[in-house]
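This report concerns the interface between two chains. It begins with the term on which the description rests.

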Number of protein chains: 2
Amino acid sequence: MDKILLGHGSGGKLMYELIKKYIAPIFELPSLMDSAIVSLNHSGKIAITTDSYTVSPIFFPGGDIGDLAINGTVNDLAVVGAVPLYLTVGFILEEGFPLSDFEKILSSISSSAKKAGVKIVAGDTKVVDKGKGDGIFINTSGIGVIPEGVELSPLKIEMGDKILISGSIGNHGIAVMSERNGFTFEPPVLSDTRALNGLIDQIMKEFTPFVKVMRDPTRGGLATTLKELALESLKDILIYESAIPLHDTVKGACELLGLDPLYVANEGIFVAIVKADVAEKILQLMKSHPFGEESAIIGEVTGKGGKVLLKTFIGGTRIVDMLPGEQLPRIC
Amino acid sequence: MDKILLGHGSGGKLMYELIKKYIAPIFELPSLMDSAIVSLNHSGKIAITTDSYTVSPIFFPGGDIGDLAINGTVNDLAVVGAVPLYLTVGFILEEGFPLSDFEKILSSISSSAKKAGVKIVAGDTKVVDKGKGDGIFINTSGIGVIPEGVELSPLKIEMGDKILISGSIGNHGIAVMSERNGFTFEPPVLSDTRALNGLIDQIMKEFTPFVKVMRDPTRGGLATTLKELALESLKDILIYESAIPLHDTVKGACELLGLDPLYVANEGIFVAIVKADVAEKILQLMKSHPFGEESAIIGEVTGKGGKVLLKTFIGGTRIVDMLPGEQLPRIC
């Protein structure tokens, strides 16, 4: 047996064996119970998040759907200031999906969770008939604890605050698009999928009172994330095109594909809006972390409103809106 | 616009509008942030669970995929003794899925959550291309708090303990199968989808020390659940066919479809293994609750081992194993 069968999702013996043989040994599942029971040792606030992953193709340069699912959920917790602790993983498998691919993905999940320092405590597996799914979809949900005193909010954004970014943009989206369309670039563009909780933890330990809000610019890219922050804070944000870290290959690929890198998905960077007078210090700390070497200050908060303005390379200014419709479907 | 478009999942303006217009008003989403932040006011243990729902068809007699997703996750928390509090909901929509169906399902989700007394705090929406999904899949994850002193485990099961069931078996599976195959029964068979936390809460308030373990016999049915409990406790369980509540229409439908009702999925009942001398009292309490009127004592723990034995109507005894392969795919 080397493929997923419908019976693997029917709750009977086949499913029990699939879980026992493939899933349980790799995850840190404490039991096969309906729910996992864990201790938080924390009486304050917690953060809860959920994400489904439908990326196509499921394997791409720099990662796969398994890494993505773990890192994405870890990052969603980390950017609200939470310390990610426990994750759940739900699989929707298509009948006929190769068990060898499933094993590879389980292994990515396991190693990403270990790297991020989170435990996978509950899982679920469903199988849909051939033609009613697309190999594998993964849902990851997670919880983390919010340390005392941490309260990030776009409402804290003030005039003069600086906009920091932790790395170069567009890598994930271009890596997936290149795999999907059979392009190769030299050097190859790799997805930036990685867990940001380590880097964010360092910032929060030292600079909590000065960090207003953080976000990870995934689907919709940097532009959409900044526009959301502008709308939620009713502040204008000005960014400098020349300051935004962007690899030449990604830039070239975007030109080739007719994409604007500002709207291309990222999976391993975050944006932080911080008080101006510590921005440089935070930047130095970020640059000293392996996942923040390309960090940069890319702009500032310039007034009331809700607009995002981009100062272009050639000196013009244009309004940046959200991604208007679909640019890159199934990118995560 | 009356159908889901790929752009609804791309993280841009269309998705933002979908969430604002359809999803946010119905759910109790505190914000559009990556993670929801909530207070638990509880420093003890918590329960975490996840489930994906791929039921086909999505609307069936007595419920739809929306009710099912909420009630199923609430029940998974309740049967481990947790008080369910917060749920997340992740949608995987297929391009072309009618928005009117999505609205109906959102409304079921909202009303089921209200009935169960849980809050939906985070959500996610992905769209896959036409032909790569099946209308709608839903993942629900949830957390609940475990009250001080509650510690259910199959390891607590002892010789003589009684097996209680809270309602009649097979209703959900047959309701879905009838809809899938275009059968109608007189009276119609309705899914038993409902939230069991209210009834379980009453039992736990009064009888915590006497309840060994609870489970909801969903996929794989009552037989699979009992076999799992027997294996985990290494105890033999004897059940009496004549004591198991089963509606005549469901029995007839099972005969017609060649199904064994012991393996047919349920979505609104649970099994409890309890100390013998309070079993009758717990039964009376269960019968007095609207969701437990059909409760019954269906068997007992008879020795060491790991087997489930069924005393049949005609007086024979047969070994009950897990559902061997697939019986009813995509039943939840």
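Contact here means heavy atoms within 4.5 Å. In this predicted model, the contact takes 76 residues from chain B and 76 residues from chain A.

A rotation of 180° with 0.0 Å of shift along its axis superposes chain B on chain A, with an RMSD of 0.0 Å. That is the relation of a two-fold axis. The same surface serves both copies, as 100% of the contact residues of chain B recur in chain A.

Between them, chain B and chain A bury about 6100 Å², of which 57% lies on carbon and sulfur atoms. Within chain B, the residues that lose the most area to chain A are B:Asp34, B:Ile48 and B:Arg219, together 12% of what that side buries.

Ten salt bridges are found across the interface of chain B and chain A. One of them joins B:Asp129 to A:Arg330, with the closest N and O atoms 2.9 Å apart.

The side of chain B that touches chain A is divided by class as follows.

| Class | Residues of chain B |
|---|---|
| Nonpolar | 32 residues |
| Polar | 27 residues |

Conventions: Residues are numbered from 1 along each chain as its sequence is written. Chains are lettered from A and ligands numbered from 1 in the order in which they are written. This is a predicted model: local features need pLDDT of at least 70, side-chain atom pairs count only at pLDDT 80 or more; totals for chains, interfaces and linings use all residues. Side-chain values use heavy atoms; hydrogens and water are left out. Copies are superposed by least squares on the C-alpha atoms of residues with pLDDT of at least 70 in both. Buried area is the accessible area (1.4 Å probe) that two parts lose on being put together, summed over both. A salt bridge is a side-chain nitrogen of Lys or Arg within 4 Å of a carboxyl oxygen of Asp or Glu. Ala, Val, Leu, Ile, Met, Phe, Trp, Tyr, Cys and Pro count as nonpolar, Asp, Glu, Lys and Arg as charged, and the others, Gly among them, as polar.
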